[in-house]
Amino acid sequence: MKQRAAPLEDAASLPPALSSAAMNLYRHVLRCHVMEVSEAPAVTESDEVTADEAIRSLLALGLLRRIGTDRLTAIAPSGRSAELLQAHESRLMEEWRRLGLLRDQILALTHLHETASGYLDQPLERLTSLPKVREALSKLAVNCTQEVLTSQPGGPRPKDVLSESADRDLDLLERGVRLRTLYQHAARFDPATSRHAARLSAAGAEIRTVTGGLTRFLVFDREVTVIPLDDLPGGALIVRDPAISSFSAELFELLWPRGQSFGIPLNRTFVEGLADQTKQAIMHLLVQGEDDRAVARALGVSVRTCQRHVSEIMTKLGAETRLHLGYLIREHNLLED
């Protein structure tokens, strides 16, 4: 059996998702203001071990605070918890930047190899047309036995792409292959993408969305990676290198815990939360000097949507110009390191 690479340190240190017991416990403490530690098993309807784990996870995230040794009170999630997650997000963005750089370097070396040898070596296969790419993806899917990881930035997916990939993905799921996909939040609001996600999820796929930081790639069994060619729309590079595939997979794992399940209903509270995440990402990109087009591309939204978010941020902060906005963002320490 092939041994997978050990997870990156940042992935291992990422706080685990809260259990249902922890969520119920926090709601109870929030309602009663102060709770005796001894009440935890009854509140969570679990044994002492599970209740103790729920308390520890909430304390670690700064969502609960001890009063003496026997009582607990709830803390607003916008405090230490947000700082902790922001710190992890900054590290994740740096890893994705490294992945983009590595991808560009591989493409550059591919061109050098073609020039020097006059043919493509098997570990690196450059596909120059969409039909060839789709044919290659079908073959990789047929030979896949364990998992497929898909990172798809850019918001809504084209209908023809969804239609072409549906049968391939459903076949993978029917054979027991684990399929996980990351989209950007903007994809949630596209009817065709939502229907596609619901269909695959019903068959066992796991689909989540994140704010930004995605690079487009597919990883098959952590042995083969497929990435698009920047200089040739519709083309792709197939990299048959377990080390590169493991690196891509670990970057995927870093963002996966931060993703929101595609199945979460789009109620008002959830949508407002996505909007807040988007505005935070926009502020990060603006202070880095990115223009509206670059910001929109990074977040998978239209330029008009990006400009609307910027306008709302400027209004909220009382900024008169973009330069003034950047000053206010830093002056009020709105971005976490």
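Helix H2 (residues 20–32) lies across strands S1, S2 and S3, running at about 120 degrees to S1. The model is predicted: local features need pLDDT of at least 70, side-chain atom pairs count only at pLDDT 80 or more, and totals for chains, interfaces and linings use all residues. Residues are numbered from 1 along each chain as its sequence is written, and side-chain values use heavy atoms, without hydrogens and water.

**Terms for helices and strands**
- Helices (H or I, at least four residues) and strands (E, at least two) are DSSP runs, numbered from the N terminus.
- Axes are lines fitted to C-alpha atoms, for helices over the stretch in contact, and angles run from 0 to 180 degrees between N-to-C directions.

**The sheet**
- Three strands form an open sheet in the order S1-S3-S2, with antiparallel pairing (two strands pair if DSSP finds at least two bridges between them).
- Strand S1 (34–36) and strand S2 (64–67) are at the edges with a single partner strand each, so one side of each has no neighbour in the sheet.
- On average, neighbouring strands of this sheet are turned by 35 degrees against each other, direction ignored.
- S2 and strand S3 (residues 71–74) run antiparallel and are joined by four bridges.
- Arg66 has Leu72 of S3 as its bridge partner.
- Helix H4 (residues 48–60) lies across S2 and S3, at about 105 degrees to S2.

**A helix pair**
- Helix H11 (residues 292–299) packs with helix H12 (residues 303–317) at an angle of about 105 degrees, their axes 8 Å apart.
- H11 is therefore roughly perpendicular to H12 (a label for angles of 65 to 115 degrees).
- H11 contributes Asp292, Arg293, Val295 and Ala296 to the contact, and H12 contributes Val303, Cys306, Gln307 and Val310 (contact means heavy atoms within 4.5 Å).
- By class, this contact has five nonpolar, one polar and two charged residues.
- Ala, Val, Leu, Ile, Met, Phe, Trp, Tyr, Cys and Pro count as nonpolar, Asp, Glu, Lys and Arg as charged, and the others, Gly among them, as polar.

**The cavity**
- The whole structure holds one cavity of 30 Å³ or more (a set of points on a 1 Å grid over the protein atoms alone, where a 1.4 Å probe fits but cannot get out).
- The largest cavity has a volume of about 80 Å³, the space filled by probe spheres set on the points.
- Its lining includes Leu99, Arg103, Phe217 and Ser248 (lining residues have an atom within 4 Å of a point).
- Helix H5 (80–117), strand S9 (224–228) and helix H9 (242–255) each give two or more residues to this lining.
- H5 gives the largest share, four residues.
- The lining divides into seven nonpolar, three polar and two charged residues.

Key: Angles under 35 degrees count as roughly parallel, over 145 as roughly antiparallel, 65 to 115 as roughly perpendicular and the rest as oblique. On a 1 Å grid over the protein atoms alone, a cavity is a set of points where a 1.4 Å probe fits but cannot get out, and a pocket is an open set with protein on both sides within 12 Å along at least five of seven lines; lining residues have an atom within 4 Å of a point.
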